[in-house]
Structure formats: C-alpha cells, structure tokens
Amino acid sequence: MAVMEAGMRARVLLAVAAVALSVVGLAAALPASATAPVLAWTAPKLVDPLAGGFAGVSCASTTFCLAGDGNGGARRYDGSTWSVAPTAGLGGQSIGELSCLSSTFCAAELGSREGATRPATFNGSTWSQAAYSEDGGGGISCASSTFCMRVTGNGNYQVYDGTSWSAAADLYADPATATSATGVSCFRVAKAPACVAVDAAGQALRYSAGAWSAPELIDGTDGLSLLSCTSSSSCLATDTGGQYLRFNGKTWSTRAVTASGFVPSGLSCTAPTACIAVDRAGRASTYSGSGWSAPVTVAAGAAFGALSCTGSLCVAVSDQGDAIVRRSGRWGSAASIDPAVGMPSAIRCASSTVCVAVDYSGGSFARFGNGWTKPAHVRESPGLESLSCPTPQSCFGGSANRVYHRGATTWAPSVGTKMPAGQEFALSCTSSSFCAGVGDGGVASTFNGTAWSAAKVIDADQDLVQVSCAAPTYCVAMDENGGYLVFTGKSWSTAKSSGVDGPAALSCPVAKFCMASYGQVLRRFNGSSWAASDTTSYYVAALSCTSSTFCVGVGDTVAYTYGGTWSVHQTIDSAHGLVSVSCVATSFCAAVDENGNVLTAKR
C-alpha cells in the first residue's frame with residue numbers, strides 16, 4: 001500500500017491543466033490486456049464540496065460585522081455570536097474585499113472560479129451584482145451609501161453612485177505608470193467623497209473632485225499591499241517587505257519597519273495613533289503613533305487574511321475559516337466559524353472499509369464501512385498535500401515541513417520533522433513506526449515511530465517530488481528532472497537518471513518494482529533500470545499498485561488497470577478530473593476528483 005503521487009498543489013493543478021489539454025487519439029491507446037483485472041466503479045458521490053475559508057471582513061459597528069469566504073459563503077457577527085448570512089444568488093462566488101457602513105449596506109468584490117471579478121452590494125438580506133470584468137481584485141471602500149470606489153488589479157477603477165456601478169475606467173492617465181492597484185480607502189472631505197489608493201509598484205494616488213491624481217512613488221523598494229485611512233490627513237500603508245509609511249494629507253513619510261519579521265496581511269486603523277495589523281502566522285501588532293509593538297501570537301497557526309476594526313472592536317479572519325475578536329485591547333480565543341474544506345489532494349485506503357482523504361483547503365474526511373464522514377478541518381493551511389495510511393489506525397499527512405498524524409478518528413501534529421521552513425513535503429509510510437519524507441532542495445528525513453531525523457541533502461540542487469516505500473528497507477525517491485535514488489534502510493544511493501523528466505506519480509508496492517507515470521507515459525522499474533514506456537490516451541495523474549501484477553492509474557475522467565500489461569481506458573467520472581487513487585489488494589479501490597467526488601471499485 002506504499003503509494004505516493006504529486007503532493008504539491010501547484011504540480012497537481014499543472015497536471016489537471018495538462019489533463020484538460022489531453023486529446024484522445026494523440027497518443028496510441030494501450031493494448032487490451034487479458035490479464036488486467038476488470039473493476040466495477042460506482043458513480044461519483046459528492047463528499048467534499050468546496051466551502052468555507054474566509055477571504056474578507058468588514059465591521060460597521062461593534063454590533064455588526066460581515067465576513068465572506070472564498071466559496072460563496074458569509075457569516076455575520078452581532079457583537080456576541082456569529083450566524084450564517086444570506087448568499088442566495090451568488091452561486092459559489094468568492095466574497096473577498098468588503099466595506100460595510102451599516103447592517104443594511106455593504107459593498108463587496110465577488111470572484112468566479114475562473115478568475116473573473118465584479119463588484120456587488122448587500123442590503124442585509126439580498127445581493128445586487130454588477131457585470132463581470134476581467135480585472136483582478138485590488139480593493140473596495142465606501143465613504144457613504146451613495147459613493148463606493150473599487151480599484152482593480154488591471155489598473156482600473158469603478159464608482160458606485162447609490163444605484164449602480166460605473167464602467168471600468170483607467171486609474172492611471174499615463175499608461176506608462178499603470179500597474180496593479182492593491183488597496184483603496186475612502187472618506188468624506190467637506191461632504192464630498194475622496195480616496196487614497198496604493199499599488200504594487202510602490203505608488204500612491206489621490207481621488208477628489210471626480211478624478212485621480214498622477215501616481216506618486218512613495219516606496220521604491222517594495223510594492224504596497226495594505227492601506228487604511230481614518231481621514232484625508234491620516235493614512236497608513238504597509239508593503240510586502242513589512243515596512244510602513246504614513247500620510248498626513250500632504251506628504252508621505254519614509255519607510256520604517258513595523259516589527260522584525262512581521263509582514264502584515266491585514267490592517268485597520270481607527271485613529272491616527274491607533275492601528276492594528278495581523279500576519280499569516282497568527283500574530284498581531286499594534287501601532288500607537290510612534291511605532292509598532294512586538295508581534296504577539298493570538299491564534300497559533302491561523303493564516304490571517306483580513307482584519308477590520310471599529311471603536312473598541314476588531315475582528316480578524318483566517319484562510320482556515322477562523323475568526324477572533326478583540327475587545328477593549330484584549331484578544332479572545334479563535335473560533336472555527338466557517339471551516340475551509342474542498343479540492344481533494346489525496347486518498348489512502350488501509351483496508352476496504354477504512355479510507356482517509358485530505359484536501360488543499362485543509363479538510364479531511366474518511367470512509368468507515370460504506371459511509372463517508374463529513375469533511376472536518378485539520379487546521380493546516382493551505383492543507384495537507386501528501387498522505388500515507390499504513391494501517392486503519394494510523395495516517396500521516398504532510399505539507400510545508402509539517403506533518404500531522406491521524407489516529408482512529410482525529411488529527412494532531414506529529415513530532416516535528418526538522419525539515420527546512422517552507423519545505424514542500426512528500427511522504428510514504430509502511431507502518432506507524434516508519435516513514436520517509438522528501439522535499440525541495442533534495443532533502444530527506446525518516447521517522448522511527450518516535451521522531452523524525454534531521455533533514456539531509458541526498459540530491460543536491462534538485463527538488464524531490466515523489467517517494468514510495470515498500471518496506472523500511474526499501475524506498476525510491478524521484479526528483480523533478482527524473483533522477484531517482486534508492487533507500488536500503490540505512491542510507492540513500494546516489495542519484496541516477498531514469499531517462500525521463502520527473503513523474504506525476506510513483507508507486508512501489510514491493511522491493512525492486514515501481515510504476516511511475518509521466519503524464520501519458522508509464523514506466524516500470526525493476527530495481528536497477530526503467531523499462532520501455534507504455535503510452536496512454538489520457539494523462540495519468542495518480543497511481544496505486546498493490547503488487548508487481550496489479551496497479552490502477554487514474555486521470556482526467558478515466559481509469560486504467562495493470563495486470564502485466566495495461567488495459568484500455570475506462571471512463572468512470574465523465575465530468576471531473578481524477579486526482580488520486582488508492583487500492584487494497586486487487587479487490588477494492590477508491591478515487592477522488594478535484595471537485596470533491598469519491599468513487600469506489602470492486603472486482
């Protein structure tokens with residue numbers, strides 16, 4: 001059951017893109033095999049739909065906040081409790097940037113799964129949506145219910161007049177200075193609306209009397225990312241390097257450090273000398289007018305993406321769907337209000353009645369008997385990308401130098417891996433007392449049931465992307481350029497070339513036998529060399545082999561089986577791209593697609 005396929009989200013998404021481009025007939029179909037087992041697959045069953053994970057928040061008062069998620073959901077806060085907010089008609093669009101003036105007026109930026117965005121307004125019960133544009137999000141801010149400004153990633157802007165949104169217009173009069181707007185903050189000056197905007201080139205612009213000024217370069221080192229203004233004479237902006245700048249109505253200050261190692265991901269000011277920022281490590285820092293406080297962890301592991309403050313109240317929300325409230329200077333406890341789940345990355349079956357799956361949103365679900373549990377958040381962002389389940393009571397999941405372990409029912413952090421920070425991490429386990437993990441930079445680590453070994457470079461200047469172990473004394477790892485290394489229980493061999501670029505999937509069920517997929521090319525390894533290629537009509541994104549005479553490969557909408565030679569393809573999921581498969585002996589397999597559907601097969 002030692003199986004390992006592409007764990008990194010970017011690589012899997014690239015594979016899915018390649019699947020979409022695969023055309024039947026471009027490659028010769030595999031010959032029919034008399035020995036390939038015939039599997040009967042069930043129809044796809046939706047178990048892990050995309051849901052949750054906050055993308056924006058805005059508080060109009062201490063008794064009203066609205067938070068939107070990346071999958072068309074919303075939650076509102078009444079000062080003491082959170083509840084579900086209406087989202088009828090949004091159809092799963094993300095609710096990102098928000099600007100609320102009251103419980104009956106908010107402006108928001110909506111995003112489709114395809115990347116198009118549009119502005120919308122919310123009256124407390126229903127949403128009104130403008131037409132889509134191709135502009136990426138940059139920011140949205142309202143000075144009143146009859147004036148809102150939206151700036152975009154394509155350097156355009158739109159204005160809301162209380163009834164409708166204007167057509168997109170150029171934010172930059174001179175195309176040579178145009179870039180991606182990243183933030184906007186609006187207010188009223190002598191009863192007239194005015195705004196300040198910042199962009200990715202370190203420029204600031206001002207809006208008044210219906211027109212935008214020429215951009216002013218205020219940060220020549222990093223792009224500006226966040227902005228909060230309390231009046232026309234008080235704004236604070238932060239950049240991608242963790243520096244901040246102040247605006248007094250006429251000039252911007254020079255850059256200064258917020259706090260060492262602190263890069264804000266959310267910013268909100270309630271007065272010129274009262275600002276709070278949060279980062280993607282669950283920390284918060286406050287600004288008092290002269291400098292920033294040392295960052296304090298307020299929600300360990302929370303990837304904060306937005307923050308809003310009004311009066312004595314602040315609310316921070318995370319990618320994982322957590323919300324944490326600050327009242328009168330004190331942070332409360334983080335609460336999982338809108339857990340992020342969806343977009344499966346891997347499934348592993350330890351038996352025909354116990355399977356576990358994880359997704360890129362940080363969720364996990366399981367099969368016990370014939371039923372599937374409701375997805376639950378594992379509290380890892382962006383989610384567990386690799387998975388190995390050697391027994392029904394033991395699963396290991398890895399992502400970015402962190403490993404989680406699942407016992408019979410719940411996940412918890414495993415003993416630290418000692419992998420370099422930010423490391424993409426693929427793993428394979430043969431029991432609860434042996435795992436091997438590999439990652440970027442050619443590093444590897446092993447687990448002995450108690451602790452992970454220190455990371456060791458085994459493939460210099462390469463990124464290891466696959467590993468599969470048949471036993472504690474036999475593992476194979478492969479890098480992105482097709483190099484492979486063999487572990488014999490004590491050490492790794494030197495890297496040798498397999499003759500083909502890095503694989504999309506690798507499965508080694510027994511010593512000296514592996515099967516690897518290179519998209520539409522399948523290759524076998526006999527312990528010393530790789531066999532001649534077999535070619536498929538569809539991209540094979542995932543493999544699971546239980547012996548040297550039984551494998552299943554899935555990708556796009558099809559499955560292949562191997563019993564000495566590969567079968568012709570079998571269409572099993574006509575509408576979605578399959579991303580992972582796991583088999584037990586030759587009698588049971590389970591697969592998942594990128595939309596959260598599960599399929600099972602029996603002989």
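**Rings, a pocket and the overall fold**

Trp530 is buried, at 11% relative accessibility. Buried here means under 20% relative accessible area, exposed over 50%, and partly exposed in between, with a 1.4 Å probe and protein chains only. The model is predicted: local features need pLDDT of at least 70, side-chain atom pairs count only at pLDDT 80 or more, and totals for chains, interfaces and linings use all residues. Residues are numbered from 1 along each chain as its sequence is written, and side-chain values use heavy atoms, with hydrogens and water left out.

Trp530 has an aromatic partner, Tyr484. Tyr484 is buried too, with a relative accessible area of 6%. The two rings lie 5.9 Å apart, centre to centre. Rings of Phe, Tyr and Trp (its six-membered ring) pair if their centres lie within 6.5 Å; planes under 30 degrees apart are stacked, over 60 edge-to-face, and the rest tilted. The pair joins distant parts of the chain, 46 residues apart. Tyr484 belongs to strand 49 (residues 483-487). Trp530 lies in the loop between strand 53 (519-525) and strand 54 (534-540).

Across the whole structure, 22 aromatic pairs are found. Ring pairs also connect Phe147, Tyr157, Tyr207 and Trp212 into a cluster. A charge meets a ring elsewhere: the charged end of Arg118 sits over the ring of Tyr132, 3.9 Å from its centre. The criterion is NZ of Lys or CZ of Arg within 6 Å of the ring centre and within 35 degrees of the ring normal.

Val521 is placed in strand 53. Val521 is partly exposed, at 25% relative accessibility. Its C-alpha atom is separated by 9.7 Å from that of Ala532, 11 residues apart along the chain.

The chain contains 1 helix and 61 strands. These are DSSP runs numbered from the N terminus (helices H or I, at least four residues; strands E, at least two). The radius of gyration is 26 Å, close to the 25 Å that the globule rule gives for 603 residues, so the chain is as compact as a globular protein of that length. The radius is taken over C-alpha atoms, and the rule is 2.2 Å times the number of residues to the power 0.38. Along the principal axes, the C-alpha atoms fill a box of roughly 85 × 50 × 45 Å. Of the 603 residues, 55% are buried.

The largest pocket holds about 1,300 Å³ of space. A pocket is an open set of points on a 1 Å grid over the protein atoms alone, with protein on both sides within 12 Å along at least five of seven lines; lining residues have an atom within 4 Å of a point. The lining comprises 50 residues, of which Val57, Glu97, Leu98, Ile140 and Leu307 lie nearest the centre. By class, the lining has 23 nonpolar, 24 polar and 3 charged residues. Strands that each supply at least two lining residues include strand 4 (54-61), strand 8 (94-102), strand 12 (137-144) and strand 29 (304-310).

Two loop residues other than glycine have positive phi. Lys191 has phi near 70°. Lys191 is in the loop between strand 16 and strand 17 (192-199), and is exposed, with a relative accessible area of 74%. Ala585 has a phi of about 50°. Ala585 falls in the loop between strand 59 (578-584) and strand 60 (588-593), and is partly exposed at 44%.

Terms used: On a 1 Å grid over the protein atoms alone, a cavity is a set of points where a 1.4 Å probe fits but cannot get out, and a pocket is an open set with protein on both sides within 12 Å along at least five of seven lines; lining residues have an atom within 4 Å of a point. Grid points are joined across faces, edges and corners, and a volume is the space filled by probe spheres set on the points. Ala, Val, Leu, Ile, Met, Phe, Trp, Tyr, Cys and Pro count as nonpolar, Asp, Glu, Lys and Arg as charged, and the others, Gly among them, as polar.
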